[in-house]
Amino acid sequence: MVPLKSLIQLDKASVLPIFVQLSNQLGQLIRAGTLLPGQRLPGTRQLADLLSLNRQTVVAAYDEGMAQGWLESRAGSGTYVASHLPDVKPQPLPSGHEPLPKNKVIDGQPGYSFERLDFLVRPVLTTQSGLHLDDGFPDIRMAPMDELSRAYRSYFRWGNPQQHFGYADTKGHLLLREQLSMHLNETRGLQTTPDNVLITRGSIMGLHLTSQVLLRPGDVVVTGETTWAGATMNFRKAGARVRTVPVDEHGIDLDKLAEYCEQQPIRLVFVTPHHHYPTTVTLHPSRRVRLLQLADQYGFAVLEDDYDYDFHYLSRPILPLASADRRGMVVYVGSLTKSVAPAFRIGYVVAPTALIDELARFRRIIDRQGDPMLEFAIGQLFKTGDLKRHFRKALRTYHTRRDHFCALLANELPAAMQFTKPDGGLAVWARFDPAIDMETMARRAAQEGLLLSNGVSHNPPGQRLNGTRLGFASSSEEELERSVQVLKKVLY
């Protein structure tokens, strides 16, 4: 008899269910030839006693093995290794077709050509452990995980299973669209209904969908001279030509934009008016009014990315452009990535219903629907008030961290950089002394255990800003103090 007790090792601490572990290991013994075709296996009670398991666990494991074809049941006799085992050997190509050289897959090159777009090459940001002054991420340690877990569980007790485990509305879960519409109306002065809202997987999907629907090859898009690369990559992928206008302490230059409008048709203007990316400056109210007037006069769309509106520290935030839009010229994009955690892939597009309908149609060919369970759970957190309480708590915490971090920079690094304390957001825009080489500084800081961007990606063509974003929200006050000490060591 095969000594199954010594051959089978089950890990009760594993996330993989015990019956799956048992079924998998029986399959491995069969493939290895330890268990032979036609061999009788112990009865379910006998094997359960042998492995100290519940009999139903063994029953489930045998059922799994039979479903995969490794085992078979014989009426009145028991469970056996299948007489005719599944053929798991790869089949050769038909004669006349030579297999690819072995190194063809290894070197990563396909046997056909495709266009490689250099402007899509951009480092992928990941959340780092240890000391970091990131791009302006939230502190994921503060995310309402327990509340989210309860909301997830409630999904399984809600409604008709055939409805909420099947295909869903391309626009997103109705509960979240209802709750988000009310939230945006209350906090941002918008005038929306759920039909004005499309739920996306982060704001980047909203930008992509909008670019693909609104832009045609050769269209002109205007952005700030410094701007978010993720947006311009989408504009260029849609075939648009990107022109830039200067950005000063009051935001983008509207005189220059008006000059462009006189020269040629403008299709779209991209702005981050609440906290311009990357410099964090706020678009002045007078410029907001003029931007809407120019949009109305020249017929271009305004794509407003309001990526961190929830965090303003002066108790008097300026409302979004979309709140003053009466002609349907603004497409408003936002997300919960900066408000809660990057893993919460919940973004949204707010626009007139005709555009939302078209965006939803286009979304179907790249992503049939979002994540109904996550969308329902987030909708529940809005409905119960848990998410709003999280926003208030995070706002107080980040406000304190901003003040502490800015005081540290001013006291410890006065000669190395210049910065303006931001009115809101999760990062400080710092301009370093021209004598400081940013790439060398970032490399040396990494060697000392501190990760930060060298800021090169923020440089407009032909310019060297010598600046970078220093995110403070994702670090505790003690971590911020240690980070500044590392910078001080590297710079002096």
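1. The predicted model holds seven aromatic pairs, where rings of Phe, Tyr and Trp (its six-membered ring) pair if their centres lie within 6.5 Å. Planes under 30 degrees apart count as stacked, over 60 as edge-to-face and the rest as tilted.

2. One of the pairs is F235 with F270, edge-to-face at 5.7 Å centre to centre and 65 degrees between the planes. This pair links distant parts of the chain, with F235 in helix α10 and F270 in strand β9 (residues 268-271), 35 residues apart. F235 has 0% relative accessibility and therefore counts as buried; F270, at 2%, counts as buried too. Buried means under 20% relative accessible area (1.4 Å probe, protein chains only).

3. Y332 and Y348 form a tilted pair, because their ring centres are 6.4 Å apart and their planes at 35 degrees. Y332 lies in strand β11 (residues 330-335) and Y348 in strand β12 (residues 347-350), 16 residues apart. Both Y332 and Y348 are buried.

4. Helix α10 (residues 229-237) also meets helix α9 (residues 203-214): their axes come within 9 Å and cross at roughly 25 degrees. The two helices are therefore roughly parallel, a term for angles under 35 degrees. The contact (heavy atoms within 4.5 Å) involves I204, L207, H208, S211 and Q212 of α9 and G230, A231, N234, F235 and K237 of α10. These residues divide into four nonpolar, five polar and one charged.

5. On conventions, residues are numbered from 1 along each chain as its sequence is written, and side-chain values use heavy atoms, without hydrogens and water. As the model is predicted, local features need pLDDT of at least 70 and side-chain atom pairs count only at pLDDT 80 or more, while totals for chains, interfaces and linings use all residues.

Note on methods:
Axes are lines fitted to C-alpha atoms, for helices over the stretch in contact, and angles run from 0 to 180 degrees between N-to-C directions. Helices (H or I, at least four residues) and strands (E, at least two) are DSSP runs, numbered from the N terminus. Angles under 35 degrees count as roughly parallel, over 145 as roughly antiparallel, 65 to 115 as roughly perpendicular and the rest as oblique. Ala, Val, Leu, Ile, Met, Phe, Trp, Tyr, Cys and Pro count as nonpolar, Asp, Glu, Lys and Arg as charged, and the others, Gly among them, as polar. Buried means under 20% relative accessible area, exposed over 50%, partly exposed in between (1.4 Å probe, protein chains only).
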